[in-house]
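Biologist: I have not looked at this one before. Can we walk through it together?

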Amino acid sequence: MSDTLQGALSQLKMAARHTEVPEEVLEALNFPKEVLTARISVRMDNGKRRSFEAWRCRYDDTRGPTKGGIRFHPEANLEEVVTLAFWMTFKCAVVNLPYGGGKGAIRVDPRDLSRRELERLSRAYVHAFSSMIGPDRDIPAPDVYTNARIMGWMADEYSSLVGYPCPAVITGKPIPLGGSLGRDDATAKGGFYVLKNLLSEIGLENCEKRAIVQGFGNAGATIASLLHQDGWKVIAVSDTGGCVYDKTGLDLQKLANIKKERGSVTDYAKQISGSDIKTLTQDEMFALECDLLVPAALEDQITRDNAGSIKASVIMELANGPVTAEADSVLEKNGVTVIPDILANAGGVTVSYFEWVQNRQGFYWTEDEVQQKLRPIMERGSSAVWSLAQKKDISLRTAAYVLGLERIADAIKAHGTQDYFCP
């Protein structure tokens with residue numbers, strides 16, 4: 001078992017110490033309900049066949065059909081997929097969506113594929129897992145290195161297999177194919193609503209408003225922009241190429257343009273003159289003094305090796321699992337508040353839920369209507385987690401898991417547990 005999966009299950013055990021749930025609830029959540037591994041064979045442009053390992057996990061469907069993204073990544077593996085499905089199970093419960101948790105992946109670097117090969121691979125994934133997914137069973141969405149176009153191909157392939165249009169099988173699709181307005185920036189906006197709702201509680205109401213964003217993809221770039229619009233000074237940003245730092249604040253529009261043109265934020269330092277502009281390593285960036293640090297890339301970025309050097313007052317996890325369990329203990333000891341991923345980045349799955357609802361009813365909402373529905377869900381979830389943390393004197397992460405565990409337990413108990421059948 002990987003350290004990441006062990007860390008995720010340790011959060012379940014920690015939450016169980018702070019609430020009373022039947023033993024069979026914990027038994028059910030210790031293992032995924034269904035996991036499928038497949039070898040996907042694709043004809044490449046050069047005429048050769050190439051095989052790719054792929055997975056889909058439905059971790060728990062007690063509260064409804066499972067929901068979770070599909071990632072294309074060269075380091076994807078089964079335990080990562082299971083861990084992400086576990087997190088999604090709790091994420092949906094924390095914001096009270098009628099879903100369980102799922103996840104999928106293909107071990108591939110999509111940058112090595114042509115557009116035609118990428119389409120073939122995406123459609124082949126649906127063929128391989130067509131018995132597992134479905135609008136009432138398991139609903140995929142985009143994740144790392146997948147996007148709306150890929151989801152559109154997948155939804156089209158599923159519709160071809162069942163013989164009728166079925167847009168509700170996949171979320172995160174292009175707008176003309178049944179996607180929802182507001183989906184592209186939902187993860188970042190959901191996190192921003194959580195941050196605004198908890199600002200005074202976590203001690204950031206009167207801070208200097210210095211922020212660092214790790215990862216400048218869709219979620220990272222959007223949260224940086226939202227923070228800037230709200231008066232924050234984004235002093236450092238990183239991507240796979242490195243980090244760029246300016247203590248006076250980065251010009252985010254110029255940064256976005258340079259990233260698009262050159263491929264890395266580090267070229268900002270070469271293109272923009274200024275004695276305060278520097279390039280740093282990721283660990284050097286994490287060690288900068290700031291009020292808010294937003295990891296918005298991959299899991300396991302803040303570990304026991306670098307957690308002690310972090311000087312941020314608050315960490316908000318827009319990525320899934322960026323802080324390891326060991327690092328969590330170090331951060332808590334050092335007084336760093338962590339807004340956990342299963343709360344902070346739940347805006348994405350919430351608007352995916354909205355898309356699924358719109359697809360099923362055939363009636364579509366404006367972007368303003370989407371935001372009007374998203375914000376109260378994120379505020380209710382964050383307020384509930386904060387209240388529980390204060391009541392039980394526990395961290396926000398543990399409180400989020402307690403809240404999710406109690407909601408999943410209520411659904412399991414509704415079917416009857418040992419106390420009912422053997423009073």
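Biologist: Where is the place of glutamine 214?
Modeller: Glutamine 214 sits in strand 6 (residues 210–214). Helices (H or I, at least four residues) and strands (E, at least two) are DSSP runs, numbered from the N terminus. Before going on, note that this is a predicted model, where local features need pLDDT of at least 70 and side-chain atom pairs count only at pLDDT 80 or more, while totals for chains, interfaces and linings use all residues. Residues are numbered from 1 along each chain as its sequence is written, and side-chain values use heavy atoms, with hydrogens and water left out.

Biologist: Is glutamine 214 buried or exposed?
Modeller: Glutamine 214 is buried, at a relative accessible area of 2%. Buried means under 20% relative accessible area, exposed over 50%, and partly exposed in between, using a 1.4 Å probe and protein chains only.

Biologist: What does glutamine 214 touch?
Modeller: Leaving out residues up to four places away in sequence, its contacts include Ser238, Gln282, Met285, Phe286 and Gln301. Contact means heavy atoms within 4.5 Å.

Biologist: Now helix 8. Which of its residues are buried?
Modeller: Leu252, Leu255 and Ile258 are buried in helix 8, which spans residues 252–262. They cover an arc of only 120 degrees around the axis, and therefore lie on the same side of helix 8. That arc is taken from the directions from the helix axis to the C-beta atoms.

Biologist: Why would residues three or four places apart point the same way?
Modeller: Because an α-helix has 3.6 residues a turn.

Biologist: Which residues are exposed on the other side of helix 8?
Modeller: Gln253, Lys260 and Glu261 are exposed there.

Biologist: And what covers the buried residues of helix 8?
Modeller: The cover includes helix 7 (218–229), strand 7 (233–239), strand 8 (242–246) and helix 9 (267–271). Aspartate 267 is found in helix 9 and touches Ile258 and Arg262, not counting residues up to four places away in sequence. Aspartate 267 is itself buried, with a relative accessible area of 11%.

Biologist: What caps the N-terminal end of helix 8?
Modeller: Aspartate 251 does, with a side-chain oxygen 3.3 Å from the backbone nitrogen of glutamine 253. After helix 8 comes glycine 263, whose phi is positive, near 95 degrees.

Biologist: Which residues other than glycine have a positive phi?
Modeller: Tyrosine 145 is one of them, with phi near 65 degrees. Tyrosine 145 lies in the loop between strand 5 (138–142) and helix 5 (148–162), and at 35% relative accessibility it counts as partly exposed. Aspartate 393 also has a positive phi, of about 55 degrees. The loop between helix 14 (367–392) and helix 15 (396–414) holds aspartate 393, which counts as exposed at 70% relative accessibility.

Biologist: Switching to strand 4. How many of its residues are buried?
Modeller: Seven of the eight residues of strand 4 (residues 100–107) are buried.

Biologist: In which sense do strand 2 and strand 4 pair?
Modeller: Strand 2 (residues 49–60) pairs with strand 4 in the antiparallel sense, over six bridges. Two strands pair if DSSP finds at least two bridges between them. In strand 4, glycine 102 has arginine 58 opposite.

Biologist: How many bridges join strand 3 to strand 4?
Modeller: Six bridges join strand 3 (residues 66–73) to strand 4, and the two run parallel. The chain gets from strand 3 to strand 4 through helix 3 (residues 78–94), in a β-α-β crossover that is right-handed. Right-handed here means that, with the strands pointing away from the viewer, the path from the first strand over the helix to the second runs clockwise.

Biologist: What joins the side chains of asparagine 197 and serine 382?
Modeller: A polar contact of 2.8 Å joins them. A polar contact is a pair of N or O atoms within 3.5 Å; within protein, one must be able to donate a hydrogen and the other to accept it, and residues adjacent in sequence count only if both atoms are side-chain atoms. Asparagine 197 lies in helix 6 (residues 186–198). Along the chain, asparagine 197 and serine 382 are 185 residues apart, yet their C-alpha atoms are separated by 7.3 Å.
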